Amino acid sequence: RVTRGLSSQLQDTAYTIREENEDTQLEASRWTAELQSAKIKISELENEKSAMESQISLLLESESNLQLRLKAFEEKKSTLEIERDALKEELQVVTDALEELKTKLAVTEEGYRIQMDKLQSNIQ
């Protein structure tokens, strides 16, 4: 009887150990699957990170190019403003000379008119 009781206890213990072992194996399988899923997700995230770093690099390069273009534009603008100011000065000189010529022409015309009037009055 004692032997049977021990044998039954051993069988119960063995059964319990087998069940626990199966449960542990199932849980280990679930954890292995989750670990594999996590590794895949990490790999995807690393790929996204790499793509974003490339995009950031391109954007920084583009920004640098735009800054160079802006600097060149500002220099060109400055040059054009200097040229514009020089042209304004030249235009003012030409305008002043033209006004002087108009004044001289008016004086000359007035002189001719006076002479014509004298000639006509002498003729009459």
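Q: How many of the 124 residues of the protein count as buried, as a percentage?
A: The share is 0%. Buried would need under 20% relative accessible area. This is a predicted model.

Q: What makes the fold count as helix or strand?
A: The protein has 1 helix and 0 strands. The helix is α1, covering residues 2-123. A helix must have at least four residues, so this run qualifies.

Q: What C-alpha distance separates Q25 from E61?
A: It is 53 Å in space, for 36 residues in sequence. Q25 lies in helix α1.

Q: Why is Q25 called partly exposed?
A: Q25 has 48% relative accessibility. Partly exposed runs between the buried limit, under 20%, and the exposed limit, over 50%. Q25 therefore counts as partly exposed.

Q: Why is the contact of E53 and K49 called a salt bridge?
A: The N to O distance is 3.9 Å. The rule asks for a Lys or Arg side-chain nitrogen within 4 Å of an Asp or Glu carboxyl oxygen. The pair therefore passes. E53 and K49 are 4 residues apart in helix α1, about one helical turn. E53 has 44% relative accessible area, so it is partly exposed.

Q: What makes K102 and E99 a salt bridge?
A: Their closest N and O atoms are 3.7 Å apart. That is within 4 Å, so the pair counts. K102 and E99 sit 3 residues apart in helix α1, separated by about one helical turn.

Q: Are K102 and E99 buried, exposed or partly exposed, and what are their values?
A: K102 has a relative accessible area of 47%. E99 has 41% relative accessibility. Both values fall between 20% and 50%, so both residues are partly exposed.

Q: How do you know that E110 and R113 form a salt bridge?
A: The closest N and O atoms are 2.7 Å apart. The cut-off is within 4 Å, so the contact qualifies. Both residues lie in helix α1, 3 residues apart, about one turn of the helix. E110 is partly exposed at 38% relative accessible area. R113 is partly exposed at 45%.

Q: How many salt bridges does the rule give?
A: The count comes to 5. Among them are E53 with K49, K102 with E99, and E110 with R113.

Q: What makes up the nonpolar surface patch?
A: M116, L119 and I123 make it, with about 350 Å². L119 is in helix α1.

Q: How far apart are the mean positions of the positive and negative charges?
A: They are 2 Å apart. The protein has 17 positive and 26 negative charges.

Q: What part of the accessible surface belongs to carbon and sulfur atoms?
A: The part is 58% of about 12,000 Å².

Note on methods. Residues are numbered from 1 along each chain as its sequence is written. This is a predicted model: local features need pLDDT of at least 70, side-chain atom pairs count only at pLDDT 80 or more; totals for chains, interfaces and linings use all residues. Side-chain values use heavy atoms; hydrogens and water are left out. Patches are made of residues with over 30% relative accessible area and no salt bridge: like charges are joined within 9 Å, nonpolar side chains (Val, Leu, Ile, Met, Phe, Trp, Tyr) within 5 Å. Accessible areas come from the Shrake-Rupley method with a 1.4 Å probe; for residues, only the protein chains shown count as cover. Helices (H or I, at least four residues) and strands (E, at least two) are DSSP runs, numbered from the N terminus. Buried means under 20% relative accessible area, exposed over 50%, partly exposed in between (1.4 Å probe, protein chains only). Lys and Arg count as positive and Asp and Glu as negative; His and the chain ends are not counted. The place of a charge is taken as NZ of Lys, CZ of Arg, CG of Asp or CD of Glu.
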